[in-house]
Amino acid sequence: PARARAQDLPPAPSLAALRLAALGDPVALSKATMLYVQGFDEQAGVSIAWRDLDYPRVISWLQRVLELDPRSQYPLLAASEVYGAVSDPQRARLMLEFVYARFQEDPNRRWPWLAHAALVARHRLHDLPLARRYARAIRLQATGADVPPWARELEAFILQDMSELDSARALIGGLLRSGQITDPHELQFLSDRLDQLNKR
């Protein structure tokens, strides 16, 4: 009897081809393309584990979705929370690096996905230097008024996990002096944390 066989994800079309196919509505095509990619793991009679997908090809499709609609958050959500959650560290790292690269194009809107990437690096990959790299990028580049203080403070907590207490003290002290943090509760929280570090 005939058996269902999984099909490989094809290479992503060129951006020019997609724009031509969009017929003047790239946002709609961006959403349809995202649905196509995200549904590719379920084929007729076959279910494909995310870790078995061709991750470079998945990334190229996610990149095309972003190019069609740069304001879309969905591709980065999928990269950090879906494809980045696989048990294969190499594939997870590919997705986290994709999120990091795309974050730098629009830090004030894309910081949540890099923050999630930092947590994946910290808790799933157990790679504290990588988590710090992502958290540091948020602190230095995501400087908009809508970026919450905790996102800028993430690096300090990772430094504590790394037992780099002097660096954590310096960073928290710098945040307190910078004027970036204005919420009284956040200021008190950071002051208390600095006091705790100074006692260690």
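Okay, let's start on the outside of helix α2: the face turned away from its buried side carries two exposed residues, K31 and L35. Before I go on, keep in mind that this is a predicted model.

So what is α2? The helix runs over residues 26-38, which makes 13 residues. From the first C-alpha to the last, α2 reaches 18 Å, close to the 18 Å expected at 1.5 Å a residue.

Which residues of α2 are buried? That would be L29, S30, T33, M34 and V37. Looking down the axis of α2, you find these buried residues within an arc of 140 degrees, so they line one face of the helix. Here's the background: an α-helix has 3.6 residues a turn, so residues three or four places apart point the same way.

And what do the buried residues of α2 pack against? Three other helices, α1 (15-22), α3 (55-68) and α4 (74-82).

Okay, on to the loops. Most residues other than glycine have a negative phi. L23 has a positive one, near 55 degrees, and it isn't a glycine. You'll find L23 in the loop between α1 and α2. Is L23 buried or exposed? Its relative accessibility is 77%, and the cut-off for exposed is over 50%, so L23 counts as exposed.

Further along there's H126, in the loop between α6 (107-123) and α7 (128-141). Phi of H126 is also positive, near 55 degrees, again in a residue other than glycine. H126 counts as exposed because its relative accessibility is 60%.

Key: Residues are numbered from 1 along each chain as its sequence is written. This is a predicted model: local features need pLDDT of at least 70, side-chain atom pairs count only at pLDDT 80 or more; totals for chains, interfaces and linings use all residues. Side-chain values use heavy atoms; hydrogens and water are left out. Helices (H or I, at least four residues) and strands (E, at least two) are DSSP runs, numbered from the N terminus. The expected span of a helix is 1.5 Å times one less than its number of residues. Buried means under 20% relative accessible area, exposed over 50%, partly exposed in between (1.4 Å probe, protein chains only). The arc is that of the directions from the helix axis to the C-beta atoms. Contact means heavy atoms within 4.5 Å.
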